[in-house]
Amino acid sequence: MKRFTLRTGIRWKITLAIASVGALTAIALSLVVHSAARASMLESAREVQLDRVQFISRNADAGRKPPMGAKLNDPDLPGELREKARSGRRGTYVQDTPNGPEVWAAVPLGNGQVLSLHTQFRESANMVRDLDRALVIGVFPVVIGGSALGVLIGGQISRRLRKAAAAAQRVAHGDPEVRVRDAVGGVVRDETDDLARAVDAMADALQQRLEAERRVTADIAHELRTPVTGLLTAAELLPPGRPTELVRDRAQALRALVEDVLEVARLDSASERAELQEVALGEFVQRRVNSLMPEASVRIVADEIVSTDPRRLERILGNLLANAARYGRAPVQVDVEGRVVRVRDHGPGFPEALLREGPSRFRTGSTDRAGVGHGLGLTIAEGQARVLGARLTFRNVAAPGGFVQGGSAAGAVAVLWLPEHAPTATGSFPILRREG
């Protein structure tokens with residue numbers, strides 16, 4: 001069962017975090033202010049009510065009738081306050097009502113009676129409501145300001161990370177001149193710079209390791225070339241027979257492997273340059289396919305004059321045809337459409353690892369397309385395409401049931417996309433000027 005994932009940018013995560021913290025902080029402060037203001041107002045109302053009832057009690061002791069609002073032995077007096085007054089103590093009591101808090105105050109009189117006074121403090125309730133309204137309105141600017149701050153901070157971090165990711169992607173595609181730290185830029189130093197420096201250090205270490213491996217591979221292949229040539233020469237002097245044929249066959253395969261390894265090493269060094277010529281692509285492919293694999297069919301949908309290196313183009317075409325003949329099944333079909341060349345076989349298709357990661361040297365794929373070879377053919381074809389400024393892609397043709405992944409395919413297709421402007425001898429691309 002596929003796990004559901006929600007992809008969001010770091011800018012919006014930071015914005016949401018700051019806005020949430022701001023809103024929670026504002027709400028918490030509003031609750032504290034509300035509680036403190038209500039407690040202060042009620043405490044002030046208690047004191048005012050107690051002062052009033054004490055003043056009235058002095059008049060009552062002098063024999064005067066209590067003013068309106070004050071009552072003797074009021075039956076509605078809360079029981080808690082009544083018991084307190086009968087014990088000889090004065091006190092207050094707050095009772096919440098829909099119209100606001102009602103404050104009671106009671107004092108004992110000398111004749112055993114209880115004088116009480118209660119008043120509804122509507123103004124205090126209105127003030128608390130106005131304060132709550134002001135606090136609620138004040139939360140919105142805090143949230144909006146926090147969101148704007150989050151967008152600014154998150155946007156800056158997001159831009160730096162995107163620049164770092166783009167630079168790292170260029171490094172992954174084989175551009176040794178790119179430095180992630182330079183691409184990130186900026187005056188502020190933060191964790192993004194640490195990440196960029198770590199990626200640069202890793203890229204340098206990998207580049208040095210790959211260069212060392214390339215030199216070792218090239219040196220070994222170069223050293224093997226002389227003894228292999230001597231072995232072939234000695235095999236020619238052997239008497240005719242089946243053992244001699246086997247020795248010659250294995251010696252020639254060994255020499256082909258040494259030459260392929262040397263070619264891969266040269267392509268990895270990025271020092272190869274194309275020698276460009278104007279060729280009619282359709283006619284060129286037709287002649288080369290007839291020479292390399294006469295049984296293959298060629299279909300020219302649209303011919304076009306291209307500027308390319310014929311030797312390297314023939315090398316790519318030969319390796320694609322050899323791969324189709326070795327691992328696929330007939331018929332093999334080659335299509336030319338403008339600057340695009342497709343080579344298709346009707347075998348089991350390319351292995352998933354090749355479709356996912358591209359060609360890899362000394363890996364021939366799954367058992368249904370392997371058994372012989374060293375996995376250098378498609379690696380060389382891809383490297384030569386890179387020198388031409390072209391792009392080589394691989395895909396499988398769906399079987400009649402419509403499924404490729406996890407099942408059998410109806411063939412493999414290699415597509416060579418030649419560029420509109422081929423690279424110059426220096427590896428750059430020419431600036432074309434139209435004649436007026």
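A charge is said to sit over a ring if NZ of Lys or CZ of Arg is within 6 Å of the ring centre and within 35 degrees of the ring normal. The views below come from a predicted model, in which local features need pLDDT of at least 70 and side-chain atom pairs count only at pLDDT 80 or more, while totals for chains, interfaces and linings use all residues. Residues are numbered from 1 along each chain as its sequence is written, and side-chain values use heavy atoms, with hydrogens and water left out.

**View 1. Arg391 lies over the face of Trp417.** The distance from Arg391 to the ring centre of Trp417 is 5.0 Å.

**View 2. Phe350 and Phe394 form an edge-to-face aromatic pair.** The structure holds one such aromatic pair. The ring centres of Phe350 and Phe394 are 5.3 Å apart and the ring planes stand at 80°, so the pair is classed as edge-to-face. Rings of Phe, Tyr and Trp (its six-membered ring) pair if their centres lie within 6.5 Å; planes under 30 degrees apart count as stacked, over 60 as edge-to-face and the rest as tilted. Because Phe350 belongs to the loop between β9 (340-344) and α9 (352-357) and Phe394 to strand β10 (residues 391-396), the pair ties together parts that are 44 residues apart in sequence. Helices (H or I, at least four residues) and strands (E, at least two) are DSSP runs, numbered from the N terminus. Both Phe350 and Phe394 are buried; this term means under 20% relative accessible area, whereas exposed means over 50% and partly exposed lies in between (1.4 Å probe, protein chains only).

**View 3. Asp335 and Arg299 meet in a salt bridge.** A salt bridge is a side-chain nitrogen of Lys or Arg within 4 Å of a carboxyl oxygen of Asp or Glu, and a search of the whole structure finds seven. In the bridge of Asp335 and Arg299, the N to O distance is 3.1 Å. Asp335 lies in strand β8 (residues 333-337) and Arg299 in strand β6 (residues 297-302), so this pair ties together parts that are 36 residues apart in sequence. Asp335 counts as buried, at 11% relative accessibility, whereas Arg299 counts as partly exposed, at 46%.

**View 4. Asp309 forms a salt bridge with Arg312.** The N to O distance is 3.3 Å. Asp309 is buried, at 3% relative accessibility, and Arg312 is buried with a relative accessible area of 3%.

**View 5. Arg342 and Glu337 are joined by a salt bridge.** The closest N and O atoms of Arg342 and Glu337 are 3.3 Å apart. Arg342 is partly exposed, with a relative accessible area of 24%, and Glu337 is also partly exposed, at 39%.

**View 6. Helix α6 spans residues 242-268.** This helix of 27 residues reaches 39 Å from its first C-alpha to its last, close to the expected 39 Å. The expected span is 1.5 Å times one less than the number of residues in the helix. Buried residues of α6 include Thr244, Ala251, Leu257 and Glu263.

**View 7. Ala398 and Ala410 have C-alpha atoms separated by 5.6 Å.** Along the chain, Ala398 and Ala410 are twelve residues apart. Ala398 is found in the loop between β10 and β11 (412-417), and counts as partly exposed at 38% relative accessibility.
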